[in-house]
Amino acid sequence: MAGSLHILAIRPLAEGRAGGEARPVTRSRQNWAWAVAGVAFVALVGAAAFRATPGALIEPLRREFGWSTGTIGFAVSVNLLLFGLTAPFAAALMERFGVRRVVASALTLVAVGSGLTVFITSSWQLVLCWGVLVGLGTGSMALAFVATITGRWFVKHRGLVTGVLTAGGATGQLVFLPGVAALSESSGWRSASLLVSAAALAVVPLVLFLLREHPADLGVPPYGGTEVVPVPVPARGAARRAVGALTAAARTGPFWYLAAGFAICGATTNGLVGTHFIPAAHDHGMPTTTAAGLLALVGVFDIVGTVLSGWLTDRVDSRVLLAVYYALRGASLLVLPQLFHDSVHPSMLVFIVFYGLDWVATVPPTVALCREVFGASAPVVFGWVFASHQVGAAIAATAAGLTRDHFGDYAPTWYAAGVLSITAALLSMKVRARRGVAPELAPA
């Protein structure tokens, strides 16, 4: 008898969505949140596959087509920019049409863009495939997707799950690099692009068959919650909702501090290190596959750092966490120009471990602050904050390429990134999260 009672949820019976039929809530259905988080993790890793490709293929593209680093960097910038600008609209689309439809469509678009890349013969086609198609696809399931899943399915361990899912997207991008680089060297960059296309497409069936929209679909509360949360009526006008949330959030100081700090975050990770670390190391005589392996190692330590950051976010003031992360990143980037050699030295390994722990550790506390300040509109508002992240990344990807073309060296970009990161630490401390009075930023 006691065992039977133990498997019931806090509310012994939950009403189904249709028909009002009462159903017992078993522990397996209560724990479905972890299954949803697992599918989301795999989807984020699949989407990250193609985003790993540009950094490893800059050198092969330069050799085959004679394009400058700035030209290739511009294609990456378009990708990063659309990746960010799509996010807030994708969050609203998920509310309107459902997570499964949006994510499955996004993965398909990534696969198509990756596959078409093998036919390019000019730089504008590179911009179309890498930049537009893949940018729109990956942006449709970016970190706003993470905020949506954690906001719907978790009350307890929300910060931890945010960290794990974030690590899946960012780490997947880096862990794919050695394989992409090795395949590019052995079979050509087109083979690498086709493999990544297949990887993204293979995730689609998992999303369609295993992902669930709301805990209420199963008649259970969110994990750690005490009551079944009714499924909200789908809001029409996804674009209007996204723009409305931005308009309301832009009238607050915390939004601009978060957006500016996250723009610097994007510039100093995806835009600079993620895109240009490999060619920068190659400039100093390091083989491309070795440099790609170092970035993959960043991804490994990123898992540890981001999950730990999620755990800390549930316990420590998010403003303090952000300030510490940005300050430590700035210090590491300021010393990076002295660490490049033709082979891997211990000092470079220290940088890789230290920087890897900090790669996207900024995401869980940023999501938490958005939730505190902007309430139920947090996923859409965070989509805009994340858009600023990608604007910064896009600017850095092009600027670093142009700097390399002009000076023949990346050193000025590393120093500038270090100073900007320290600036982001100061901005983070200015965010004043108003606990308990988070406004609802629904559109008019």
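Begin by selecting Thr-362, which counts as buried because its relative accessibility is 0%, buried meaning under 20% relative accessible area with a 1.4 Å probe and protein chains only. This is a predicted model, in which local features need pLDDT of at least 70 and side-chain atom pairs count only at pLDDT 80 or more, while totals for chains, interfaces and linings use all residues. Residues are numbered from 1 along each chain as its sequence is written, and side-chain values use heavy atoms, with hydrogens and water left out.

Thr-362 sits in the loop between α16 and α17, where helices are DSSP runs of H or I with at least four residues, numbered from the N terminus. Now show its contacts (heavy atoms within 4.5 Å): leaving aside residues up to four places away in sequence, Thr-362 touches Phe-262, Cys-265, Leu-322, Tyr-325, Tyr-326 and Arg-329. Of these, Cys-265 is itself buried, at 1% relative accessibility.

Next, select α15, residues 318-335, whose 18 residues reach 27 Å from first C-alpha to last, close to the 26 Å expected when the span is taken as 1.5 Å times one less than the number of residues. Its buried residues include Leu-322, Tyr-325, Tyr-326 and Arg-329, and the buried residues of this helix pack against α13 (253-283), α14 (288-313), α16 (346-357), α17 (363-374) and α19 (411-428).

At the N-terminal end of α15, pick out Asp-317, which caps the helix with a side-chain oxygen 2.9 Å from the backbone nitrogen of Arg-319.

Finally, select Cys-129, which is buried with a relative accessible area of 5%.

Note on methods. Helix = DSSP H or I, 4+ residues; strand = E, 2+ residues; numbered from the N terminus. Buried < 20%, exposed > 50% of the residue type's maximum accessible area, 1.4 Å probe, protein only. Polar contact = N/O pair within 3.5 Å; in protein donor to acceptor, adjacent residues only side chain to side chain.
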